[in-house]
Amino acid sequence: MEVEGSSKKMIATQEEMVNAKVPLPYRDQCAHFLIPLNKCRQSEFYLPWKCQNERHVYEKCEYELVMERMLQMQKIRQQQHQPQSQSQSIPLVPKTANA
């Protein structure tokens with residue numbers, strides 16, 4: 001399934017998400033990472049030091065989706081020719097203290 005405006009494809013099907021009882025707000029392009037994460041969490045009794053690899057992969061996917069949406073919004077604003085000051089644009093790479 002292709003999601004309009006996104007470079008990521010939906011890998012998990014609606015049936016898989018329903019069977020895994022994924023809540024509606026979490027049924028996005030990263031749901032295929034959330035399903036094994038939730039299974040791991042349940043099998044490990046939600047211990048915070050367990051399932052770190054699965055959690056990292058899921059959170060990275062969500063971060064990439066947010067960054068992609070931010071880039072799209074910046075492009076839309078630039079196309080509308082709205083004057084943007086330097087403080088309104090969001091840098092993709094944060095400046096370090098030494099730079």
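Glu64 counts as partly exposed, at 33% relative accessibility; partly exposed lies between buried, under 20% relative accessible area, and exposed, over 50% (1.4 Å probe, protein chains only). The side chain of Glu64 meets that of Lys8 in a salt bridge, with 2.8 Å from N to O. The model is predicted: local features need pLDDT of at least 70, side-chain atom pairs count only at pLDDT 80 or more, and totals for chains, interfaces and linings use all residues. Residues are numbered from 1 along each chain as its sequence is written, and side-chain values use heavy atoms, with hydrogens and water left out.

**Overall fold**

- The protein chain has three helices and zero strands, where helices (H or I, at least four residues) and strands (E, at least two) are DSSP runs numbered from the N terminus.
- Along the sequence, the pattern of the protein chain reads α-α-α.
- Of the 99 residues in the protein chain, 22% count as buried.

**Salt bridges**

- The whole structure holds two salt bridges, each defined as a side-chain nitrogen of Lys or Arg within 4 Å of a carboxyl oxygen of Asp or Glu.
- In one of them, Lys8 is paired with Glu64. Lys8 lies in the segment before α1 (14-19) and Glu64 in helix α3, so the pair ties together parts that are 56 residues apart in sequence.
- Glu44 and Lys50 also form a salt bridge, and their closest N and O atoms are 4.0 Å apart.
- Lys50 is partly exposed, with a relative accessible area of 34%, and Glu44 is partly exposed at 27% relative accessibility.

**Packing of α2 and α3**

- Two packed helices are described by the angle between their axes and the distance between the axes.
- The axes of α2 and α3 come within 9 Å and cross at roughly 150 degrees. That makes α2 roughly antiparallel to α3.
- Axes here are lines fitted to C-alpha atoms, for helices over the stretch in contact, and angles run from 0 to 180 degrees between N-to-C directions.
- Angles under 35 degrees count as roughly parallel, over 145 as roughly antiparallel, 65 to 115 as roughly perpendicular and the rest as oblique.
- The crossing of α2 and α3 is left-handed, a term for a near helix turned anticlockwise from the far one by less than a right angle.

**Loop between α2 and α3**

- Phe45 sits in the loop between α2 (31-43) and α3 (52-79) and is exposed, with a relative accessible area of 70%.
- Phe45, Leu47 and Trp49 make a nonpolar surface patch of about 390 Å².
- Patches consist of residues with over 30% relative accessible area and no salt bridge, with like charges joined within 9 Å and nonpolar side chains (Val, Leu, Ile, Met, Phe, Trp, Tyr) within 5 Å. Accessible areas come from the Shrake-Rupley method with a 1.4 Å probe, and for residues only the protein chains shown count as cover.
- Most residues other than glycine have a negative phi.
- Tyr46, in the loop between α2 and α3, has a positive phi near 60 degrees. Tyr46 is exposed, with a relative accessible area of 54%.
- Cys51, placed in the loop between α2 and α3, has a positive phi near 60 degrees. Cys51 counts as buried at 10% relative accessibility.

**Phe33 and Ile11**

- Phe33 is in helix α2 and is partly exposed, with a relative accessible area of 28%.
- Phe33 and Ile11 are 22 residues apart along the chain, and their C-alpha atoms are separated by 9.5 Å.
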